[in-house]
Amino acid sequence: MSPAVRRRVFLVAAAGLGALLLWGLSGLPPFGVYLGPYGDVLNAVAVGERHATNVVAAVTFDYRGVDTMGEEYILFAAVIGTAILLRAQRDEEEQRDPSEAVEGRSAPPTSNAVRVLGLALLGPIVVFGVYVVTHGHLTPGGGFQGGVVLATGALLVFLSGEYVTLLRVRPEVLIDAAEAAGAAGYVAVGLAGMLAGGAFLDNFLPLGHAGTLVSAGTLPLINLAVGLEVAAGFVLLLTEFLEQTLVIRRREAP
Amino acid sequence: MVTCLAVVQSSTYVLLLSVGFRRDATAPIFLDVPVGTRAVDPVVSSLALTDVVVGATVAALLLALAVQAHKRHGTLDPEALRTLRG
């Protein structure tokens with residue numbers, strides 16, 4: 001099929017899709033008017049049933065916990081796919097000695113201002129990330145958002161130091177283990193619910209008082225598992241991309 | 001192409017959140033407001049929340065694909081990359 005024919009077929013299909021979308025959009029209620037029953041029902045009963053003041057977190061990890069498990073595994077699979085795609089291929093090798101770095105391919109030396117600011121911000125960012133993860137069932141936040149904040153802390157460490165020297169520490173095993181533990185932790189909590197006599201992902205732990213840190217049963221546990229998995233996944237993504245640019249070289253012909 | 005996907009995904013989040021919006025209503029967090037105050041829909045908020053993070057990872061996967069395609073063929077033009085080579 002030549003490009004011109006393809007373009008014409010695309011324009012016809014796009015016109016059809018656009019018409020369908022406009023028809024659907026015009027059938028929605030006006031902006032600001034919310035008619036659906038589920039939101040009102042959940043807002044009314046969630047705090048009483050689950051003792052969690054963040055209804056969004058209660059929906060994400062409790063009422064629709066199986067959906068979130070699927071989304072977490074999409075994230076896991078995407079991280080694994082990226083790690084597989086960016087590993088050293090047959091005609092490449094990893095090069096970890098910074099003295100042999102090719103001209104123009106090494107990372108630019110970091111200025112002292114970046115180094116100081118990065119390391120000064122690292123502490124507050126880690127504390128803030130842990131706060132967002134652990135308070136997910138009380139205030140806006142949760143595992144997903146807090147995990148990304150924690151991964152930003154790791155990015156600051158990469159930015160404010162020489163990456164190749166940091167590789168000598170070799171934290172990859174720890175990151176892989178943390179990510180697997182987070183992904184497995186979710187299923188473990190679900191299976192524990194089954195062992196306690198309920199359904200999969202049943203909220204079987206004591207619910208506590210709404211508004212305190214230890215409340216809402218299994219919600220904080222699932223939050224921690226998801227936070228661990230998201231943080232480790234993003235740190236793994238960062239290390240893969242940095243290795244691809246800085247460390248992996250085409251193998252020199254002997 | 002990755003940018004197009006990111007734009008379309010972001011527009012779906014905006015659509016979802018605007019479907020669940022209610023005028024003069026607060027967030028569905030009842031830590032400091034009593035239960036029963038007008039709040040927006042929590043279900044679409046939770047859908048958008050997980051989708052944003054997952055969308056970022058899928059974009060990373062696509063960029064990794066782009067990096068390897070560029071290394072193999074030297075170009076990122078979809079017209080030039082049409083035939084699959086072993």
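I call a crossing left-handed if the near helix is turned anticlockwise from the far one by less than a right angle, and right-handed if clockwise.

**Entry 1. Ground rules.** I am working from a predicted model, where local features need pLDDT of at least 70, side-chain atom pairs count only at pLDDT 80 or more, and totals for chains, interfaces and linings use all residues. I number residues from 1 along each chain as its sequence is written, with chains lettered from A and ligands numbered from 1 in the order in which they are written.

**Entry 2. Chain A.** I took helices (H or I, at least four residues) and strands (E, at least two) as DSSP runs, numbered from the N terminus. Chain A has 9 helices and 2 strands, in the order α-α-α-α-β-α-α-α-α-α-β. I looked up burial next: 33% of the 254 residues in chain A are buried (20 or more other C-beta atoms within 10 Å of the residue's own, with C-beta atoms placed from the backbone).

**Entry 3. Where chain A touches chain B.** I counted two residues as in contact if their C-beta atoms, placed from the backbone, lie within 7 Å. Chain A gives 39 residues to the contact and chain B gives 32. On the chain A side, α2 (37–50), α3, α4 (65–85), α6 (143–159) and α9 (219–246) each supply two or more residues. The largest share, 9 residues, is from α4(A). By class I find 23 nonpolar, 14 polar and 2 charged residues on that side. Here Ala, Val, Leu, Ile, Met, Phe, Trp, Tyr, Cys and Pro are nonpolar, Asp, Glu, Lys and Arg charged, and the others, Gly among them, polar.

**Entry 4. α3(A) against α2(B).** I fitted axes as lines to C-alpha atoms, for helices over the stretch in contact, with angles from 0 to 180 degrees between N-to-C directions. The axes of α3 (residues 55–63) of chain A and α2 (residues 42–73) of chain B come within 8 Å and cross at roughly 65 degrees. That makes α3(A) roughly perpendicular to α2(B) (65 to 115 degrees). The crossing of α3(A) and α2(B) is right-handed. From α3(A), the contact uses V55(A), V56(A), V59(A) and T60(A); from α2(B), P42(B), V43(B), S45(B), S46(B), L49(B) and T50(B). I find 6 nonpolar, 4 polar and no charged residues there.

**Entry 5. α6(A).** Buried residues of α6(A) include G143(A), F144(A), L150(A) and A154(A). Their cover includes α5 (112–134) and α9 of chain A together with α2 of chain B.

Note on methods: Angles under 35 degrees count as roughly parallel, over 145 as roughly antiparallel, 65 to 115 as roughly perpendicular and the rest as oblique. A residue is buried if 20 or more other C-beta atoms lie within 10 Å of its own, exposed if 12 or fewer, and partly exposed in between; C-beta atoms are placed from the backbone.
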